[in-house]
Amino acid sequence: MDPIPFRRDVAATPRGPLPEVAASPTVLGVDDSRFVRASLVRGLASRFRLQQAESGERAWELLLLDPSIGAVLSDLSMPGMDGFELLGRVRASMLDRVRTVPFAVLSGADDAAQRARAAALGAERFVVKGDGVDALAEWIAERLFAAPAPAAGAAAAAAAGARA
């Protein structure tokens, strides 16, 4: 286990985090492969705060303990608790912030059966490893930084107040 999750090369990193990254929600990358986790760092660390887990079990612990996690990117095939089981636990959680977290699955192949199973369990996105991270980064940004829609009651009250 890495002592510093998603550590970047200090010589290549500007001093201090970028303000917009430091203030953003955390993206949790879950994969048993250090290489894949490092690839996620290279592609996403300039835009998001990142945390990593090497297993589904560790990801589950982090989700329960860390309220700053705003999105999950999880491999499907891992020893122990795999991505499908993690996704099932997340969607069945009693904690609303965990149950509703945006969840993308990462797969080594574009397998129709895996895609269908992940969608049935509540995955919002299916990503084939090696496809690049630009579209994934856009998806994360849309989920993390979208302005919440006003509640219907609040909108009606605002409209009524404007007429008064």
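This passage walks through the fold of a predicted model, from the whole chain down to single residues.

Some ground rules come first. Residues are counted from 1 along each chain as its sequence is written, and side-chain values rest on heavy atoms, with hydrogens and water left out. Since this is a predicted model, local features need pLDDT of at least 70 and side-chain atom pairs count only at pLDDT 80 or more, while totals for chains, interfaces and linings use all residues.

The protein chain holds 8 helices and 5 strands; these are DSSP runs numbered from the N terminus, helices being H or I with at least four residues and strands being E with at least two. Read from the N terminus, the elements go α-β-α-β-α-β-α-α-β-α-β-α-α. Of the 164 residues in the chain, 39% are buried, where buried means under 20% relative accessible area, exposed means over 50%, and partly exposed is in between (1.4 Å probe, protein chains only).

How confident is the predictor? The mean pLDDT, the predictor's confidence in each residue on a scale from 0 to 100, is 82 for the chain, and 75% of the residues score at least 70. Helix H4 comes out highest with a mean of 98, whereas helix H8 (residues 152-163) is lowest at 45. Residues 1-19 have a pLDDT below 50, yet this stretch has 22 contacts in the model beyond near neighbours in sequence. Residues 149-164 also fall below 50, and there the corresponding number of contacts is 0.

Next, the sheet. Its 5 strands are arranged in the order E2-E1-E3-E4-E5, with parallel pairing, and the sheet is open. Strands E2 (49-53) and E5 (125-128) sit at the edges, each pairing on one side only. On average, neighbouring strands are turned by 25° against each other, direction ignored. Two strands count as paired if DSSP finds at least two bridges between them. In general, strands of a sheet pair through backbone hydrogen bonds, either parallel or antiparallel.

Strand E4 (residues 103-107) pairs with E5 in the parallel sense over 4 bridges. Within that pairing, Ala104 has Arg125 of E5 as its bridge partner, and Val105 has Phe126. Strand E3 is joined to E4 by 4 bridges, again running parallel, and Asp75 stands opposite Leu106 in E4. Strand E4 is well covered, with 5 of its 5 residues buried. Phe103, Val105 and Ser107 are buried on one side, and Ala104 and Leu106 are buried on the other. As a rule, the side chains of a regular strand alternate between the two faces of the sheet.

Helix H2 (residues 34-44) lies across strands E1 (26-30), E2, E3 (69-75) and E4, and runs at about 175° to E2; axes are lines fitted to C-alpha atoms, for helices over the stretch in contact, and angles run from 0 to 180 degrees between N-to-C directions. Helix H4 (residues 83-92) also packs on the sheet, where it touches E1, E3 and E4, and its direction makes about 175° with that of E4. Strand E4, helix H6 (residues 112-121) and E5 form a right-handed β-α-β unit. Right-handed here means that, with the strands pointing away from the viewer, the path from the first strand over the helix to the second runs clockwise.

Ser74 lies in strand E3 and is buried, because its relative accessible area is 0%. Beyond its neighbours within four places in sequence, Ser74 contacts Val30, Gly83, Leu86, Phe103, Ala104, Val105 and Leu106. Ala92, in helix H4, counts as exposed because its relative accessibility is 58%. From Ala92 to Gly122 the C-alpha atoms are 10.0 Å apart, with 30 residues of sequence separation. Glu138 belongs to helix H7 (residues 134-145) and, at 41% relative accessibility, counts as partly exposed. Glu138 and Arg47 are 91 residues apart in sequence, while their C-alpha atoms are 9.9 Å apart in space.

Key:
Contact = heavy atoms within 4.5 Å.
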